[in-house]
Amino acid sequence: MSPSDEPILTATGLHKTYRASRSLGSRARVSAVDGVDLTLAAGETLGVVGESGCGKSTLARLLVGLERPDRGEVRFAGRGLGRARGAEARALRRRVQMVFQDPLTSLNPRLPVLDLVAEPLDVHRLARGAARRDRVAELLELVGLAPEMMNRYPHEFSGGQRQRIGIARALATEPSVIVCDEPVSALDVSVQAQVVNLLAGLQRELGIALVFIAHDLAVVRHVSHRVAVMYLGRLAEVGDVSTVYDAPAHPYTRALLSAVPIRHPRERDPDREVLGGDPPSPVTPPAGCRFHTRCPLAREVCGAETPVLRELGDGRVAACHFAETALSRA
Amino acid sequence: MSVPDAPVLRVRGLKVTFATPRGPVPAVAGVDLDVAPGEVVTLLGESGSGKSVTARAVMGLLHPNAAVTADELSLAGDDLLGMSPEQLRSRRGRDMTLVFQDALSALNPVLTIGDQIGELFRVHRGLAKRAARAEAVELLRLVGIPAPDRRVTDYPHQFSGGMRQRILIAMAVALGPRLLIADEPTTALDVTVQAQVLRLLDRLRTELGMGVLLITHDLGVAAEIADRIAVMYAGRVVETGSAADVLDAPNHPYTEALLGSVPDAQAAGGELRAIPGTPPNLLALPGGCAFHPRCARATDVCRTDRPGARPFPDARTAACHHAEELRRVAL
């Protein structure tokens with residue numbers, strides 16, 4: 001199924017701050033997500049990339065309703081996740097599921113696979129008895145595991161197999177959206193590809209929309225239709241993967257792509273731009289554009305005015321005062 | 001490449017076996033390696049392949065439940081296996097040093113950076129405190145810490161992850177080692193910071209002329225700075241060669257499969273060629289070639305006979321019965 005234009009999930013003006021540790025003073029707050037607007041079309045894969053501390057995991061938790069935003073709203077098929085109560089809230093949650101990075105810590109070690117995968121069925125009262133068992137067998141087959149394995153425990157599985165169990169669990173309630181937070185980064189390279197192929201295949205066959213959050217830019221390009229680049233809690237750039245990867249319009253996207261390790265020694269380039277410094281602390285983010293302290297294109301205006309996401313005419317948006325300059329250099 | 005200098009590290013037939021309650025685990029089962037001065041050799045492999053155990057065996061840092069044997073294990077011509085623990089200790093930190101993945105746990109949280117770097121100069125060189133501090137400032141400058149004379153009095157938690165890794169590298173090169181072993185030095189770092197740290201390592205090996213053994217699971221890291229690559233699988237080196245040769249035209253099916261399973265940031269989609277199965281359990285290794293259950297080229301001989309490493313004329317080795325087929329395809 002190809003992605004449609006109908007948004008299934010919409011995030012509007014999401015803000016989330018956390019209290020910083022006490023040693024930093026009780027009033028210090030970490031600005032994890034700061035004004036994020038996103039739409040996810042039915043059946044599409046939206047990649048989210050950025051470095052540690054950019055807020056991508058917080059965004060994931062906001063999108064599935066595991067955290068409530070301080071401001072802003074997440075809507076699923078037009079209905080607000082935050083406002084729904086009771087049966088409606090449960091029904092909404094059923095449709096938006098999550099896959100976590102480390103399946104060993106996200107799966108209860110005392111439950112056999114049968115109960116782990118059936119847990120969402122129990123919570124949402126979707127199947128009991130023989131039907132429950134049959135459904136688990138079906139789900140295991142869907143993710144490439146033998147149904148006979150349902151009586152085993154998580155520690156008896158390899159990392160890749162555990163991630164398949166995590167995916168089977170997420171599929172149990174027949175969701176329309178799955179948010180995957182670094183789903184392959186804990187896996188060995190040779191196993192990563194299996195899980196990436198599995199997710200891509202499920203997305204195609206079942207028409208599920210995926211939010212694929214990862215720090216690995218190559219994996220994100222591989223699986224995504226569109227990509228959102230985050231820096232310090234804000235979106236730097238959102239657009240079709242090939243548009244963004246081939247000609248980045250935000251200087252941060254450009255720096256990130258330039259830092260991706262090469263594939264072959266012949267691509268070595270001593271003149272390659274390497275971004276200096278580290279991302280600033282999200283407790284005290286820079287004023288104006290949060291990237292201006294490291295940006296090669298920064299001018300005075302960047303430290304004073306926060307650039308808004310604006311259309312660049314090629315179906316992409318970027319939050320940079322000098323996006324046209326950055327594009328002309330790409 | 002010119003005629004290689006005498007290696008700073010020479011390893012022949014290294015074996016490491018761990019005694020565990022479930023039986024002996026052959027983590028390293030016969031590894032040969034050479035690292036020349038100023039050369040970066042990358043030990044490439046997945047978890048459990050034995051790459052980190054190899055590094056720790058060279059450093060003499062394995063737990064007593066590990067039995068280490070080798071036909072040869074020498075640092076700049078000196079036999080490491082015959083050394084007493086005291087002799088080894090004096091070599092570590094001076095002639096051969098190790099940089100870990102996790103810089104925060106490798107640094108002492110209650111000592112300033114200046115005291116930790118200075119200690120090296122006080123203990124090994126007998127410098128007075130003030131002189132040791134001055135050396136520490138110079139080192140911080142060498143590895144690119146901004147405002148080093150001010151930062152030298154800071155504690156580890158006051159530095160970012162990338163800066164801490166630079167500090168560890170500073171400590172590792174402080175006494176001019178012949179060999180630096182870096183075990184996944186950039187794995188915990190963000191991609192932009194990783195690029196900085198790799199660039200630093202590359203500069204230092206040229207400036208200081210030290211050999212570097214870089215351990216990584218990341219093909220991209222190897223492509224960035226390796227001169228030569230040794231690929232490990234299930235405790236053995238399955239392929240060696242120049243980085244350009246190995247990444248261009250692998251001679252071992254495992255390397256070939258690994259290259260095919262990694263997505264490319266510069267090209268769009270399609271199905272990734274995943275390697276079936278999982279890395280083997282060292283307690284129950286398959287017979288013959290350990291890779292044969294996952295190998296697309298496996299034949300009967302692969303299930304019964306373990307292939308030894310064979311040298312080829314282009315300064316490469318491969319441990320595969322079908323290496324010639326791969327080499328022909330490459331031509």
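Let's start with four strands of chain A, which form an open, antiparallel sheet in the order 2-1-4-5. Strands here are DSSP runs of E, at least two residues; helices are runs of H or I, at least four; both are numbered from the N terminus. Two strands count as paired if DSSP finds at least two bridges between them.

A word on the basis. This is a predicted model: local features need pLDDT of at least 70, side-chain atom pairs count only at pLDDT 80 or more, and totals for chains, interfaces and linings use all residues. Residues are numbered from 1 along each chain as its sequence is written, chains are lettered from A and ligands numbered from 1 in the order in which they are written, and side-chain values use heavy atoms, with hydrogens and water left out.

Strand 1 (residues 7–19) of chain A runs antiparallel to strand 4 (residues 71–76) of chain A, joined by five bridges. Opposite Leu9(A) stands Phe76(A), in strand 4 of chain A.

What lies across strand 1, strand 2 and strand 4 of chain A? Helix 1 (residues 56–63) of chain A does, running at about 125° to strand 1 of chain A. Contact means heavy atoms within 4.5 Å. Angles run from 0 to 180 degrees between N-to-C directions, with axes fitted to C-alpha atoms, for helices over the stretch in contact.

Next, eight strands of chain A form an open sheet, order 6-7-8-3-9-10-12-11, with mixed pairing. Strand 6 (96–99) and strand 11 (310–311) of chain A each have a single partner strand, so one side of each is left without a neighbour in the sheet. Strand 10 (residues 234–240) and strand 12 (residues 317–318) of chain A pair antiparallel over two bridges. There, Val238(A) has Val317(A) as its bridge partner. Helix 2 (residues 86–95) of chain A lies across strand 6 and strand 7 (177–181) of chain A, at about 45° to strand 6 of chain A.

**Where chain B meets chain A**

How many residues does each chain give to the contact? Chain B gives 46 and chain A gives 39. About 3600 Å² is buried between them, 51% of it from carbon and sulfur atoms. That area is the accessible area (1.4 Å probe) that two parts lose on being put together, summed over both.

The rule finds three salt bridges across this interface, each a side-chain nitrogen of Lys or Arg within 4 Å of a carboxyl oxygen of Asp or Glu. Glu224(B) and Arg272(A) meet in a salt bridge at 2.8 Å, N to O.
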